[in-house]
Amino acid sequence: MRILVTGGAGFIGSHLVDRLVEMGHEVVVVDNLSTGRREYVNNGASLAVRDIKDPGWGEGIGAVDAVFHFAANPEVRVSTTEPRVHFDENVLATFNVLEWARRGGARAVVFASSSTVYGEAAVLPTPEDAPMAPISVYGAAKAAGEALCGTYGRLYGVRCLALRYANIVGPRLRHGAIYDFILKLRKSPEVLEVLGDGTQTKSYLHVRDAVEATVAAWRRFMDDDKPFLALNVGNRDAASVKDIAAAVSRAMGLSPRLVFKPATPDGRGWPGDVKTMLLSIERIAKYASWSPSMGSKEAVERAASQLVEELAPGWRGG
């Protein structure tokens, strides 16, 4: 197939492009390179440097069979202080992609959604039919994107698969706790500042597993007739921020003193930070015959080692 991947020079997007090229598909990457990198784009794919916030971004791209929309601003903290950024980059951009897909007749759109659409879920593990009640603008933007996707599926026939990702970790990651901890320890090996009280506990999935889940769900969806489907993509267990701090410290050969900086009375890292998250993955396990190859703590350990090699090669206690 001929496939378009927005955000294909970014973290999950570039790993997905690698897999699609390996499968023999013709892949076109659209990325504005604001956070993505040219060197992450597989040599077997073509790159168009475009900004999908521009309504005319898709001119000259040509027809595609499927669109993977992974371009977004992933920083939940940014949405707390700069909500307009998330409206522009996560809502407006999604609308522009859906409009392009509608005019071009793409058979399906795969939308990278997020576990944050659930907010403080009352049920853990959280199933897909749980209410959407986001507590961050980032989560609200992803929920809005899903609402647009569902409407375009029902009204225009632009069938959409929304994948609600847990915390995805691995090589090329440039945000989140693992990345932040490595940068902090490079600067100050003896003390590690931790946002929150360290008890925040969430599901983590290695990017390799996330890509396999994405491909398996998409292939099944292409043979389906549903106008819209939402699937959780996560793990069956969770890891705490303290677990992540320990994994990064081990990977760097350090034993820093942890200094906790809670931003709220109940120990969150920032306002809008979900304290506990664990997704139910029973639906995708049944629908796409997929299950993760490693648990949350193993995914964090592996990602920490891989990212230390990328960001602090050879670092073992300085």
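At 0% relative accessibility, Phe68 counts as buried, where buried means under 20% relative accessible area, exposed over 50% and partly exposed in between, with a 1.4 Å probe and protein chains only. The structure is a predicted model, in which local features need pLDDT of at least 70 and side-chain atom pairs count only at pLDDT 80 or more, whereas totals for chains, interfaces and linings use all residues. Residues are numbered from 1 along each chain as its sequence is written, and side-chain values use heavy atoms, with hydrogens and water left out.

The structure holds six aromatic pairs, a pair being rings of Phe, Tyr and Trp (its six-membered ring) with centres within 6.5 Å, counted as stacked if the planes are under 30 degrees apart, as edge-to-face if over 60 and as tilted for the rest. One of these pairs joins Phe68 and Phe70, which are tilted at 40° between the planes and lie 6.3 Å apart, centre to centre. Phe70 is buried as well, with a relative accessible area of 12%, and it forms a further tilted pair with Tyr165, at 6.0 Å centre to centre and 55° between the planes. Because Phe70 lies in the loop between strand 4 (66-69) and helix 2 (76-81), while Tyr165 belongs to strand 6 (residues 159-165), this pair ties together parts that are 95 residues apart in sequence; helices (H or I, at least four residues) and strands (E, at least two) are DSSP runs, numbered from the N terminus. Tyr165 is buried, with a relative accessible area of 4%, and ring pairs link Phe68, Phe70, Tyr165 and Trp218 into a cluster.

Charged side chains also lie over rings, which is counted if NZ of Lys or CZ of Arg is within 6 Å of the ring centre and within 35 degrees of the ring normal. The charged end of Arg159 sits over the ring of Phe221, 4.1 Å from its centre, and Arg220 lies over the face of Tyr287, at 4.6 Å from the ring centre.

The axes of helix 3 (residues 83-104) and helix 4 (residues 137-156) come within 9 Å and cross at roughly 15°, the axes being lines fitted to C-alpha atoms over the stretch in contact and the angles running from 0 to 180 degrees between N-to-C directions. Helix 3 is therefore roughly parallel to helix 4, a description used for angles under 35 degrees. Among the residues of helix 3 that meet helix 4 are His86, Val91, Phe95 and Leu98, and those on the side of helix 4 include Tyr138, Leu148, Cys149 and Tyr152.

In helix 7 (residues 241-251), the buried residues are Val241, Ile244, Ala245, Ala247, Val248, Ser249 and Ala251, and what covers them includes helix 5 (177-187), strand 8 (191-195), strand 13 (257-261) and helix 9 (296-311). Helix 7 is followed by Gly253, whose phi is positive, near 70°. Ser240 has its place in strand 12 and counts as buried at 13% relative accessibility; leaving aside its neighbours within four places in sequence, Ser240 is in contact (heavy atoms within 4.5 Å) with Gly198, Gln200 and Thr201. Glu309, by contrast, is placed in helix 9 and counts as exposed at 53% relative accessibility.

Notes. Angles under 35 degrees count as roughly parallel, over 145 as roughly antiparallel, 65 to 115 as roughly perpendicular and the rest as oblique.
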